[in-house]
Each structure stands twice: as structure tokens, then as C-alpha cells.
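Dear colleague,

I am passing on the structure below, together with some notes on what turned up when it was examined. Please read the notes with the coordinates open beside you.

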Amino acid sequence: MAEQVAKQVAERQIVHVDMDAFYASVEQRDDPSLQGKPVIVGGKPNSRGVVSTASYEARKAGVHSAMPLAEAWRRCPQGIFLPVNGRKYREVSGQIRQIFLTYTPLVEPLSLDEAFLDVTASSAIFGPAASIGHIIKERIRDELGLTASVGVAGNKFLAKLASDLRKPDGFVVVPAEGVQEFLDPLPVERIWGVGQKTAERLHGLNVKTVRDLRRLDASYLKQLFGVLGGQLYELARGRDERPVENERETKSIGRETTFGADVGDRDFLEGVLLELSCDVGQGLRREKLKGRTITLKVRYQDFRTLARSCTLAEGTNLDDVIYRETCRLFRAVALKQPLRLIGVSVHQLAKQEEGQLSLFADDREERENLARVIDEVREKYGAQSIMRARLLSPTGKNQADDAPGVPGKPRERPGNGSERKSPSGGSAATGRE
Amino acid sequence: MKTHCSKDALLTGVNTVQKAVSGKNVEPDLQSIFLRAEAGKLIFLATDMEIGIRCEVPAETETEGTLLLPAKLFSDIVRKLPDTQITLESQAESANLEYYQSQIFLKGYDPEQFPLLPDLLDPVSFSLPSESFKTMIRETLIAAAQEESRPIFKGLLLEMEGSVLRLIATDTHRLAYSQSGIDNPNGLDFSGIVPSKTMSEIYRLLKDDDDSITVRFTGSHVSFQFGAVHLLTRLIEGQFPNYKQVIPSSCRTKIRLLVKDLMESVERASLLARESSAGVSLVRLEISGDLLKIEHTTDIGKISEQLSIEKEGADITISFNSRFILDVLRVLPSDQMRFELSGPQSAAIIRTPADENYLYLLLPVRTN
């Protein structure tokens, strides 16, 4: 069995494509006056969101993603600060995906700007994996005017390391016989799963590189780090059996907002919750999903973060229901400190069509129809064409152009309990509780 | 206080009241069991303010008095005691348990802290055979909501009207209705929503040799007395929906089949449906001619079942949450069942062939 797996791993061909400074590059491509300039996508410099992506020009000034915008402004006052144009990036991401899909159906997007491709079976038609990787890179440049870094290797772990090695515009192939040579000099921090804490402990054992790590045996690593230990042992030898999963089910849909200035006013926060609930509801309806578990997340001034959930008897995608439950959860949250962040998410998703009919809830169907019609109107005439009266008043997000209240980057999380770290990805995943 | 009783009696006491002990989110002195020794008996009492349970066990009391002991620890100790006569004595707020040549000293709390169960002022009461009440609970509790934002659905409607007593539960996807004739010479009427937790407690505590159960009620509370147990519960506030309105009086298709056949087929089919979304497993029933077919294909496999049925009326294909079907089949007290259907998006009814005192209404799942 073990041999079989090893053989399989040796034979797999995985390509990892990572767009270079994706959001910033898209902006520079679409506005030539931005080319060669430090572009920082994330929002206004005087707001308190974080940098989503910085162009390489801005990175030279020390700006990187997940950095507070104010800090980015301090380091790079000449920077051009742009809001996150999610719709545009999603569109471009879709075009990139179309290129991937010409070579293999096994595409696993990690975010808008990176994906794994399993091209093992494609070689018979399109040639060796390395040349598929190269063609994809060239097509992205020629057809979309963007650069990508590409890694080609026998598994996901190695392919991702490879794409990161010569960023930007990199192209690295790790041949099966060269794996150890490739890995050994790398610092342990590069290994998937090694965060700051683990790295510190490894350093304490005088383990700095993958070569050092390989000197520790499996049982000792397991004793030190539990399950992660076993994983480290395998990864240090370049072994990673995770398959490329093309259809990752959406596990949750959520929206959150970081405030311009900490907010302690309950009414105001409820207004924000209404807006987030409506966004989440619309997200669910767009995906034709309903969710049963509703989660409220708050982060206090001191960064303490709470999550509170409730589970409904049946799934919903109605703004009102999400808002009502979120408010109920919110009422049980103490506001001894003002909040810097608030978020709403819905989990336990199911397809909308599988509708369990109900007694004593006659108006539900009508409300669902109403929501659908409103969505259609907004789709056609824009989000401002029809909206709740309460959201016309300034709760912050609508006036996104004026701080306070620049929204944090809205995220749809895969949230499967083991969020993958993507150190090179543009979005800084907010920590889970 | 000082009293002598058997280990068994102590065990009966703690086991009976344990479900009424407050959870962890209250002060420790409320997560406790109250004891009162009286002539010839020892009384156990626990309450979480929603439900209160009182239980008497035989004891030889030398000195009357009270104790308030930490519920979990005291219960654990009682379970481990040897099977013999135990002497329970209070020393200030603490308890001393003696058996053979050994003793356990357990710190307690001030008994004055313990909230007493409210007395029902001017209660109205009636009695009925405990066995039939137990059956009614068993048949209806299955339909009560587990998670539901509207509290009324987490209870069972207890309704007395003329000489009929009814229990009704619904989670809005199904509804179980059970009734029984009672003596009601004074023509009392009552209607209240009893928390399903209380009902399942009564079900657990009712013994086969308890011949009758006495129910007393006021506007806000209801109490149940049977054997040595007295259970008092707060009623759920709110208006139970008009259940009579949703029970259809006619149907388009009526089938009759063996409970066991349908149960086993649905159980097998639901094994293959387990992977479906959000934990809901669907079962699609295709009723045509003298056959009921369940055919099901998922990523993990395929099942095809055929059952012989007696049918009156039109053919129909309809889908249900398989759990909703299995729940009722497990409590149905007959070998045969009647299944009444009125279309793929209309409520269906399951009953026993002879008995008109019970029905289970369930709504289908709309599939595309």
C-alpha cells in the first residue's frame, strides 16, 4: 500500500499558478498611468483596513499585504491607494480559470489569484507538465497582460514552494530526482503548517532548514508536535499526498467589516449587521444555497475575538432571518469595549431547491419571491436601485469613500476547519476563533 | 437532621431529580440537590427554575432537618456506596454519610439558599391511567422541535376539552397528534404548552406500576404527580398555532402496508443517502399500482426497493426527509399502517389502521 502511494505520488504532475501582485497588476494593466508606480489596493490610507495587494513598486518601499493601510501610507506616502474592486478581480480570475481548464479539468482554486492544477493525465495530449506550465504562463501574459509565477512538481506542497521561489514572473520545475536538493536549503518556515510558534520551537532545537529537520525522526516529531509532527516528517522529504480537489464545495458564506474607528454604539452596529446580513443573504441566493447555522463574529478593541452561533431548524437565505438571528446573538454580546470588527457568516449550507415544506409558515414563499425579485432589480439596475430605508442612513459602509467605515475585505471563506495558510496570497486571512 | 435509609432509596432519589438540576451556568449552590428528612421519609428536590422534581423515598428519620448538597458529587458518591443501610446526618451545612465502619463527610451549602418550588394556587386537576399518558408522550414527542427559534414548538400542547385529552407536537415540518378519553365530570378545559424536556422526563420516570398520573395546572405552571414523584414545570408562553386547520380531512391516495417493511426499506435507503447536503437524507416514494418503489442513486451507490401495498386512489411520487418517516414508524403501535397522500407538495398522514386516536402528519420535500 505504502509503495503504491509512493509510486502514485512520484507519478503525479502538479502545477501551481500564482498571479504576481494580482489586484495591483490588474489595476496597473487597466490604467497605464499607474504602470511603474507604487499601487496599493485595500482602501484609503487614512482608513483602518489592511493592504490587500501591493504592487512590486510599493513592496520596494516595504509595503506588504495584510499591513495596516496607515502603516503602508507611512512607508509609502507617494503610493496610489485604490479600493478593492472585487468584481473586476473575480472576472479576471474567471478568465484565468478558463485558460487552466483547457489543459485539465482538475483545477483547485485557492483564492482569486492562485490555483493548483493536476496535469498528470494531460501530458499525453499536451506534452510534459513543465511545458504545460510554461504555456499557461505565456497565455496569461499574452491574452490577459498579466504575469504569473508557476511551479511544477510532483505534489501540491512542492509545486507551491516552486512557484514562490522566483517570484515575480518565476518559473520553477522541481524534477522528481531533484526534490531533496530543492528542499534541503529552504528554511523550515517555508514548510506548509509551520507557523511562527512551531518555527520558534524548531529553532530552539537548532533546526533552521529542511535539511536540519530531516535529522529528526518521525516518532520524536510526533511526540513534539502531534499530528503536525508526522506531517512535518513527510513534507521534509517532499512527500504530500493531498489530491487536487476541483470542486471544493462552498462551506460557508460570510462578510465582515473593520471599522474606521472603534465603535461601541449598539444601534449603529445593528445597522452594520443589517447591511452585512443583506450581503450574506444575497451571496447565498446567488449561489442558490441556504444555510442553517448563523455566526456572529466580533473583535474588540484589544483584538479579543468572539464568535457566537445559532442553528435554525431549517436553512434560510433570507436577509431578514439572518439579520434577526444575528441581532439576537449580538444582544448577548457585552459591549464593555468598542468593536474594531464585526462579521456575519452562514454555515451548514444546502441546495436551495431541496425545500422541506413547512406548516405555519405561509409567508415564507412570498418572502423568498420578494427577495428574488429584489435581487433581479439590483442585478439589472445596480445595488443602489432598491434598498432598505434603514441603510440609506449613514451606517458607514455606504459611505465607503469617507472613513470611518471602510469595509474590510469581504471574504467568502472555504472555512472547512483547516484553512490553508497562503503566505503569498494577497488576502490576509483573519484568524479563526 | 439524621435519617437512615437504603442505598437503593438514595439512588432512586438522586436519579429521579437529576434532570432538574441546574446546568453549569448558575451559582454552585443552585447546582445542588435539596434534602429534607421527615418522619418515615426522605425528600429529594432539584430545580433549574424551569422544571422542578420532588421525590420521596422511605427512610427512618431520627431528627428532621434539611441539607443542600452539590448535585454531581453527591450523586456520584451515592452510586458508589455499598449496598447497605446508610445513615445520613447533617453537621451544620455539611453531610455525614455512614455505612459499615466507614464514613464520608461532604460539604454542602446553606439550605435556605434553595429556591422552593412554587405552590400551585387553586390548581385544577385530573387523573388518567399512566400507561396511556406514557403512550401519548411516546407518540408525540418525536415531532417536537429540537432547534427552533420559536419556543412554542419546543413544547407539546396539552389540551383538555370535554372528555378528551390531547397531546400535540410539531416542528412545523411534521405534526403528531394523540388523544385519549378521560373522566372529566366537572367539564374542565385546559390548554398549555409543556416543554418537551419535561415530557421526556415524565416518560423516563413513569414506571409500569404507577397506575395513575394526576395533572394539576394553573395559567403558568403544570404539575404531574405519580408514584413518589412530583414534577412541576413552567409552561411555555405563547399561542400554539391552529393545528386543526392543517390536518387535511380527505386524501387522494390511500395505501396500506406493513410498518416493518417500510421502516427497513427507508432505513436502507437512508444509508445510501447519508452524503446528501446538510445532514438531510431524502427518500423518494414512487407509488404506482400495487407497488411502492424506493429508487435512489447517489455518488456512493444505488438502491432499488419494491414493497407490495394495498392502494386506493391515484398513483403518486413524493419525497420526504427519511428521518421524519422513520421517527413515526418506530413508535407506531401496530404491524400495519395507513399512509394518506394528496399530492407531491401536500401534507401526508400516517396512522394505524384501526385507531383513530393518533395521527402523524408530515410535509414532503420539494425536489426539482
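**Helix α8 of chain A**

At the start of α8(A), a side-chain oxygen of Asn155(A) comes to within 3.2 Å of the backbone nitrogen of Phe157(A), where a polar contact is a pair of N or O atoms within 3.5 Å, one of them, within protein, able to donate a hydrogen and the other to accept it, and where residues adjacent in sequence count only if both atoms are side-chain atoms. Before going further, please note that this is a predicted model, in which local features need pLDDT of at least 70 and side-chain atom pairs count only at pLDDT 80 or more, while totals for chains, interfaces and linings use all residues. Residues are numbered from 1 along each chain as its sequence is written, chains are lettered from A and ligands numbered from 1 in the order in which they are written, and side-chain values use heavy atoms, with hydrogens and water left out.

Helix α8 of chain A spans residues 156-165, and because 8 of its 10 residues are buried, it is largely enclosed by the rest of the structure; buried here means under 20% relative accessible area, with exposed being over 50% and partly exposed in between (1.4 Å probe, protein chains only). Helices (H or I, at least four residues) and strands (E, at least two) are DSSP runs, numbered from the N terminus. The buried residues of α8(A) run from Lys156(A), Phe157(A), Leu158(A) and Ala159(A) to Lys160(A), Leu161(A), Ala162(A) and Ser163(A).

Ala162(A), at 0% relative accessibility, counts as buried. Leaving aside residues up to four places away in sequence, Ala162(A) touches Val150(A), Gly151(A), Val152(A), Val172(A), Val174(A) and Phe182(A), contact meaning heavy atoms within 4.5 Å. With Val152(A), which is 10 residues away along the chain, the C-alpha separation is 6.8 Å.

As for chain A in general, its secondary structure comes to 16 helices and 13 strands, and 48% of its 433 residues count as buried. Of the contacts in chain A with a separation of 6 or more, 68% are between residues 24 or more positions apart.

**The sheet of chain B and its helices**

In chain B there is an open sheet of 4 strands in the order β21-β20-β19-β23, with antiparallel pairing, two strands being paired if DSSP finds at least two bridges between them. Its edge strands are β21 (301-308) and β23 (316-321), each of which pairs on one side only. Neighbouring strands of this sheet are turned by 20 degrees against each other on average, direction ignored.

Taking the pairs in turn, β20(B) and β21(B) are antiparallel over 8 bridges, and Ile294(B) has Glu305(B) as its bridge partner in β21(B). Between β19(B) and β20(B) there are 4 bridges, again in the antiparallel sense, and Leu285(B) is partnered by Ile294(B) in β20(B). These two strands, β19(B) and β20(B), form a hairpin with 2 residues between them, and Gly289(B) in the turn has a positive phi of about 60 degrees. Strand β19 (residues 282-288) of chain B is joined to β23(B) by 6 bridges, the two running antiparallel, and Glu286(B) stands opposite Thr317(B) in β23(B).

Helix α7 (residues 322-331) of chain B packs on the sheet, where it touches β19 and β23 of chain B, and its direction makes about 85 degrees with that of β23(B); axes are lines fitted to C-alpha atoms, for helices over the stretch in contact, and angles run from 0 to 180 degrees between N-to-C directions. Helix α6 (residues 259-272) of chain B lies across β19, β20 (291-298) and β21 of chain B, running at about 170 degrees to β21(B).

Ser322(B) has its place in helix α7 of chain B and, at 3% relative accessibility, counts as buried. Beyond residues up to four places away in sequence, Ser322(B) touches Val266(B), Ser270(B), Ser281(B) and Val283(B).

**A lysine in helix α3 of chain B**

Lys134(B) lies in helix α3 (residues 130-141) of chain B, and its side chain reaches the backbone oxygen of Leu206(B) at 3.1 Å.

With regards
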